[in-house]
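Visitor: Hi! I'm new to this one, could you walk me through a few parts of it?
Guide: Happy to, let's bring it up on the screen.

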Amino acid sequence: MPTNKAKIKLTEITQNLISEKVDADSLKSSIEELKLLLENVSGLNQEAPINSENILLPSGKAIGPKWAGMCIEDVPRTHKFIKGIHSAVQEVLGKNPKKPVTILYAGTGPFATLVLPLLALFKPSELQLILLEVNTVSIESLKRIIKGFDAYEYIKAIYHCDAANFIVPSEFEADILLIECMQHALLREPQVGITYNLLPQMKKDVILIPEEISLHVALVDMEKKAEYLSIDNIAEKSYYENSEAVFTLNKKEVLQNNSEFKKEGFQFPEKEVSFSEEQLCNHDFITVSTEITIFKDISLNIDESGLTVPMLLADLNHDQKVIGAKTQYIVGTEPGLTSQLVRS
């Protein structure tokens, strides 16, 4: 696709994505168009076996280009991240309109999906990007994307690196740190390791996106959930009950724990959650729920995205002695929340 045509198409799609009036069908259609556009411009062959290969890192699994590219299909995730980043850029620009906003984006995948649409809304004098990606195929795809959209003036640097141990050059100062290397319940992928490495290298007022990811032990009532789904998500989600967070990833926690995190053998604390008999008898499952605050009031709640699908811990209809769970977030090659059921 010729560069000008690709840029015009990207502008149309992006305007729709950030519109306050966009409906669900139009949103889905725009995301599908964005995926086709990025595939077309990048020339990425999704079916080539090498593109399905994950890379196992000391801090978790970096998913292959095929799977990273498919993340765009999670409509609420893609839509809300783009909206959140757009709002954050506007906020930073509002404070200092004469200086471009710099985003450091870790784990871009093959398309840099979450920031590329913004190039249609901001000039290079307003927006600059530092891109980090560990996968060679994704890096090559990214370079074709930049060429295809003639986006060279937006790029401060591209690094082929493991973001969990990357040292940010002192000449670069980011206003926004964007990291989206995660699955639900912060399983397997290196979101935590990357955040703990990069955030302490940033200036004090950097905006972290997502601002907060919290994991909870949650009870789920399947009958109420079926009712909720049958009325097109209009009613409040009253079918689940969250515990207090058993693990939280945000600026405050990272900066507070950073010096300890760097020490060999560091472990996050174990948390135990138990529920009352009344709570348990009204629910069917004990799960781990994920809640994500992307930026300010833009968030992903339980079941809204693949990133926030609950992870099953126990079926209360089959194991009625379960009253809760002990959990601990583990970092390393297989990061995730370990759990041990608590029984009466």
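This is a predicted model: local features need pLDDT of at least 70, side-chain atom pairs count only at pLDDT 80 or more; totals for chains, interfaces and linings use all residues.

Visitor: Okay, how many residues does α2 have, and how far does it reach?
Guide: Helix α2 has 19 residues, and 27 Å separate its first C-alpha from its last. That is close to the 27 Å expected at 1.5 Å a residue.

Visitor: What's at its two ends?
Guide: At the start of α2, a side-chain oxygen of aspartate 23 comes to within 3.1 Å of the backbone nitrogen of aspartate 25. After the helix comes glycine 43, which has a positive phi, near 70 degrees.

Visitor: At what angle do α2 and α4 cross?
Guide: Roughly 85 degrees, with the axes of α2 (residues 24–42) and α4 (residues 75–95) coming within 10 Å. So α2 is roughly perpendicular to α4.

Visitor: Which residues meet there?
Guide: From α2 you have Leu27, Lys28, Ile31 and Leu34, and they meet Val75, Thr78, His79 and Ile82 of α4. Sorted by class, this contact has 5 nonpolar, 2 polar and 1 charged residues.

Visitor: And which residues of α2 are buried?
Guide: Among them are Leu27, Ile31, Leu34, Leu38 and Val41. Ser30, Lys35 and Glu39 are buried too.

Visitor: What do those buried ones pack against?
Guide: Four helices: α1 (3–18), α3 (65–70), α4 and α5 (136–148).

Visitor: Let's move on. Where is proline 117?
Guide: Proline 117 sits in the loop between β3 (101–106) and β4 (127–133). At 1% relative accessibility, this proline counts as buried.

Visitor: What is proline 117 in contact with, leaving aside its neighbours in sequence?
Guide: Leu10, Thr14, Leu34 and Ile82.

Visitor: Now for peptide bonds. Which two residues does a cis one join?
Guide: Isoleucine 209 and proline 210, with omega at about 0 degrees. Proline 210 is in the loop between β7 (207–209) and β8 (212–220). As background, most peptide bonds are trans.

Visitor: You mentioned a positive phi at a glycine. Where is alanine 185, and what is its phi?
Guide: Alanine 185 lies in the loop between β6 (176–179) and α6, and its phi is positive at about 60 degrees although it is not a glycine. In general, most residues other than glycine have a negative phi. Lysine 296 also has a positive phi, of about 55 degrees, and is not a glycine. You'll find lysine 296 in the loop between β11 (285–295) and β12 (298–300).

Visitor: Is alanine 185 buried or exposed? And lysine 296, buried or exposed?
Guide: Alanine 185 is buried, with a relative accessible area of 0%. Lysine 296, at 52% relative accessibility, counts as exposed.

Visitor: One last stop: where is asparagine 197, and what does its side chain reach?
Guide: Asparagine 197 is in helix α6 (residues 191–198). Its side chain reaches the backbone oxygen of alanine 164 at 3.5 Å.

Visitor: Is asparagine 197 buried or exposed, and what does it touch?
Guide: Asparagine 197 is buried, with a relative accessible area of 17%. Not counting residues up to four places away in sequence, asparagine 197 touches Ala163, Ala164, Asn165 and Phe166.

Methods:
Residues are numbered from 1 along each chain as its sequence is written. Side-chain values use heavy atoms; hydrogens and water are left out. Axes are lines fitted to C-alpha atoms, for helices over the stretch in contact, and angles run from 0 to 180 degrees between N-to-C directions. Angles under 35 degrees count as roughly parallel, over 145 as roughly antiparallel, 65 to 115 as roughly perpendicular and the rest as oblique. Contact means heavy atoms within 4.5 Å. Ala, Val, Leu, Ile, Met, Phe, Trp, Tyr, Cys and Pro count as nonpolar, Asp, Glu, Lys and Arg as charged, and the others, Gly among them, as polar. The expected span of a helix is 1.5 Å times one less than its number of residues. Buried means under 20% relative accessible area, exposed over 50%, partly exposed in between (1.4 Å probe, protein chains only). A polar contact is a pair of N or O atoms within 3.5 Å; within protein, one must be able to donate a hydrogen and the other to accept it, and residues adjacent in sequence count only if both atoms are side-chain atoms.
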